[in-house]
Each structure stands twice: as C-alpha cells, then as structure tokens.
Amino acid sequence: MYIKGVNLGNWLVLEKWMSPSLFEGTTAEDEYYLPRQLSKEVYEARIKVHRSEYITERDFATIKSMGLNSVRIPVPYFIFGDCEPFIGCVEELDKAFSWAGKYGLSILIDLHTVPGSQNGFDNGGISGVCKWSKQPESIEFTLSVLERLAKRYGKRSELWGIQILNEPITERMWNIMDVPNRYKAVDEEMSKGSGPNSLEFLREFYIKAYRVMRPHMREENVIVFHDGFELKAWKDFMREEEFKNVVLDTHQYLMLAEAEGCEQSVDGYIKYIQENYAKDIAEMQKYFPIICGEWSLFNSYGCGIDTAGGQSPLNGIESNVDKLSKSEKKELYREIAKAQLDAWRNGIGHYYWNYKLLLDTVNEGGWIGWDSWDLGKCVAQEWYPVEY
C-alpha cells in the first residue's frame with residue numbers, strides 16, 4: 001500500500017508556534033518549561049482540554065474524506081505517565097487506534113522526544129539541549145518506552161509501524177541549523193555538553209531498538225528509523241537477514257533546500273526537488289523502502305517571488321507570497337506541491353506536516369504564511385492536490 005498520510009503534530013507533543021495560547025502567561029518556549037511555569041492545576045487543565053479538543057474522532061473522518069490512508073502520531077517519552085511533572089497520554093493514543101480502525105486509517109507511532117533531547121529543537125522537548133545520546137540512563141529509558149509501545153500496540157490491526165525516534169540530529173544539520181544560537185537554552189548549565197549525535201551511535205541504537213521492538217510486533221508491521229538528515233549514509237545498514245520490514249524515514253523541507261543553495265524561484269525549487277529529493281529517494285529505495293515522514297507544501301525563505309520576502313518559520317519576516325492574487329497563489333502552491341508529490345513517489349509514501357494549527361489570526365505569534373503548514377486549509381483553498 002502506498003502511504004498518503006498526515007502528521008497529527010502538536011496534539012500529544014506540543015509546539016508553541018502551532019498553538020501559542022497554550023503557553024499564555026509563561027515565557028516557556030518548549031514543553032519542558034511549560035509545567036514548570038504553571039501551577040499543577042492550571043497545567044493539567046490546559047493539557048487535558050487541549051488533548052480532548054485538538055484531535056477528535058471527527059478529524060479522523062475528515063482525514064479519510066481527504067483521500068488519505070494513514071496518520072503519523074508524534075508521542076512524547078512521557079506517554080506512559082511516569083515522568084513528572086508531565087501528564088501521560090496513552091489513553092489518547094488508545095482512542096486514536098479505535099478511530100483509525102473505524103475509518104480505515106493506519107497509524108505510524110512516532111517517538112518524537114526523549115529525555116535530554118535528540119536534537120536541541122523546541123520540538124525535541126527542550127530548546128538548546130541535546131545530550132540524550134551521552135546519557136546511558138536516558139538511552140535505556142528510551143528503549144523501555146519503545147518496548148512498551150510495541151507490546152501495547154504491536155498486534156493491533158491499525159498499526160502500520162513504530163518510528164524509533166524523530167529527527168536525531170547529526171553534525172552537518174547541527175551546523176546548518178546553528179542549533180545553539182537558533183534554539184537558545186534557558187539553563188546554560190543544563191545545556192553544557194550538548195552536541196550532535198554521531199552516525200555510529202545512531203546505528204547502534206537503532207539496532208538495539210529493533211531488537212527490543214520486533215518480538216512484540218506482527219511481522220508485517222514496519223519499524224521506521226530516521227536518517228539523521230543524512231539520507232544516503234545508510235546503504236550498508238541492516239543488510240543482515242535478521243532485519244525485516246525496516247523503513248527509512250527522511251524529512252524534506254524547502255527551507256532546508258534554500259540553506260543548501262536552492263534558487264528561490266519556481267523553476268529553481270522544481271529543479272532542486274527533481275535533482276535532489278527525487279533522485280536521492282530513488283537511489284536509496286534500492287536499499288530500504290523510503291517514506292518522507294515530514295514535508296510541507298511551501299515553507300521557504302523567499303517563496304520564489306522575491307528574495308526579500310520569506311515565509312519560513314525560521315525568520316518570520318513578511319512574505320511576498322501573501323501579496324499574490326488568490327489564483328496566482330493557488331497556481332504557485334499546486335505546482336510546487338505536485339513536484340514534491342512526484343518525488344515522494346520514488347519511495348513508498350509520505351506524511352504531510354501538519355494536519356492543523358491553532359492560530360487565531362495570520363499574524364499571531366509573528367508568523368506570516370503559516371497557513372501552508374495547515375493541511376486542512378491547504379485542501380480547502382485547493383493548494384494541495386488531493387486527487388494527485
């Protein structure tokens with residue numbers, strides 16, 4: 001089955017830019033500090049209301065009606081409720097499996113955060129800290145969470161697979177993203193020793209994770225590992241007979257293409273997509289089934305209109321895309337969307353980031369052009385070609 005899916009980000013793993021109101025009354029930029037700046041009662045009330053309203057059964061019906069067949073659900077390391085002051089969310093994931101079964105959708109569980117963080121991003125749980133791979137107790141805890149997820153859901157018919165870990169960062173992307181400066185640590189002492197994960201470490205960890213998960217899962221279920229932003233570094237990995245139904249996940253965003261020199265024009269983006277995304281995925285598909293686990297219709301700096309503009313959440317400055325007419329914007333977005341969808345067809349599927357955002361206005365939180373991250377709005381405005 002070719003995967004046509006969407007991420008349910010910001011449901012069980014919070015990202016401030018996607019729903020700023022959850023962080024009102026605090027200076028917290030990530031999920032680590034939110035419960036530390038609110039009273040226990042206020043924090044619990046906010047989280048429980050958010051989880052009950054942000055994604056409901058109706059959303060699964062809507063996703064099915066869009067012609068999609070799968071959801072990728074990011075979950076935190078505290079999903080089982082054993083890491084105070086956080087609140088577990090396994091009951092919500094249980095509901096998701098029931099809804100998925102009802103509407104004929106499959107689920108990819110994505111472990112999105114780990115103690116000490118695997119990338120230093122805000123979506124890794126704590127900004128500016130990346131020490132997980134240097135903390136043996138955190139590594140072991142992560143393996144225990146993966147094993148528990150496999151035990152709980154590994155025999156469910158709705159499960160497509162489990163992703164070992166989202167976006168563990170390696171050296172090249174650490175430097176491109178300039179993590180220590182882009183994601184400032186609140187506690188400098190806590191951030192000391194932060195740095196990228198080595199590919200050698202990730203290889204060892206992925207094998208350990210596979211071995212604790214596979215015995216509890218149906219043979220047809222997949223185990224997914226992320227490329228660490230190094231898609232072509234895995235050609236000699238897991239070649240042994242032991243490893244079955246392993247899928248390689250790559251995340252491809254146009255803002256990162258720009259960081260690598262992509263020309264900011266429609267032709268420039270399409271050329272980059274064809275000569276990099278499409279070719280690289282086709283090449284690596286010879287070694288693993290490839291899924292593009294995160295991508296977005298348009299999230300670039302210049303948006304192909306004028307290099308003075310920008311739609312990326314990395315800079316938040318005014319976008320010239322928002323000066324286009326409705327029909328011009330639709331044509332631009334669909335052209336870029338189709339080029340990316342063509343590239344993903346060299347693999348086994350894709351998951352859009354994200355299903356929805358909770359922003360009251362276009363300008364809330366300083367984000368311009370945020371609507372291209374919201375699949376529901378993209379479909380409603382015919383930017384995303386659901387029929388493609």
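The model is predicted.

- Strand S1 covers residues 3–7, and strand S8 covers residues 349–352.
- S1 and S8 run parallel and share four bridges.
- Lysine 4 has histidine 350 in S8 as its bridge partner.

- Strand S7 spans residues 290–295.
- S7 and S8 are parallel and are joined by three bridges.
- Cysteine 292 is opposite histidine 350 in S8.
- Histidine 350 therefore faces lysine 4 as well as cysteine 292, and the pairing of S8 with S1 and with S7 rests on the rule of at least two bridges between paired strands.

**Side chains of S8**

- Gly349 and Tyr351 point one way from S8.
- His350 and Tyr352 point the other way.
- Gly349, His350, Tyr351 and Tyr352 are all buried.

**Cis peptide bonds**

- Glutamate 84 and proline 85 are joined by a cis peptide bond, with omega about 5 degrees.
- Proline 85 sits in the loop between strand S2 (70–75) and helix H4 (90–103).
- Asparagine 354 belongs to the loop between S8 and helix H13 (375–380).

- Phenylalanine 229 is not a glycine, yet its phi is positive, at about 65 degrees.
- The loop between strand S5 (222–226) and strand S6 (246–251) holds phenylalanine 229.
- Phenylalanine 229 has a relative accessible area of 9%, so it is buried, the cut-off being under 20%.
- Methionine 238 also has a positive phi, near 50 degrees, and is a residue other than glycine.
- Methionine 238 is placed in the loop between S5 and S6.
- Methionine 238 counts as buried because its relative accessibility is 7%, against a cut-off of under 20%.

Note on methods: Residues numbered from 1 in each chain as written. Predicted model: local features only at pLDDT ≥ 70, side-chain atom pairs only at ≥ 80, totals over all residues. Heavy atoms only, no water. Helix = DSSP H or I, 4+ residues; strand = E, 2+ residues; numbered from the N terminus. Buried < 20%, exposed > 50% of the residue type's maximum accessible area, 1.4 Å probe, protein only.
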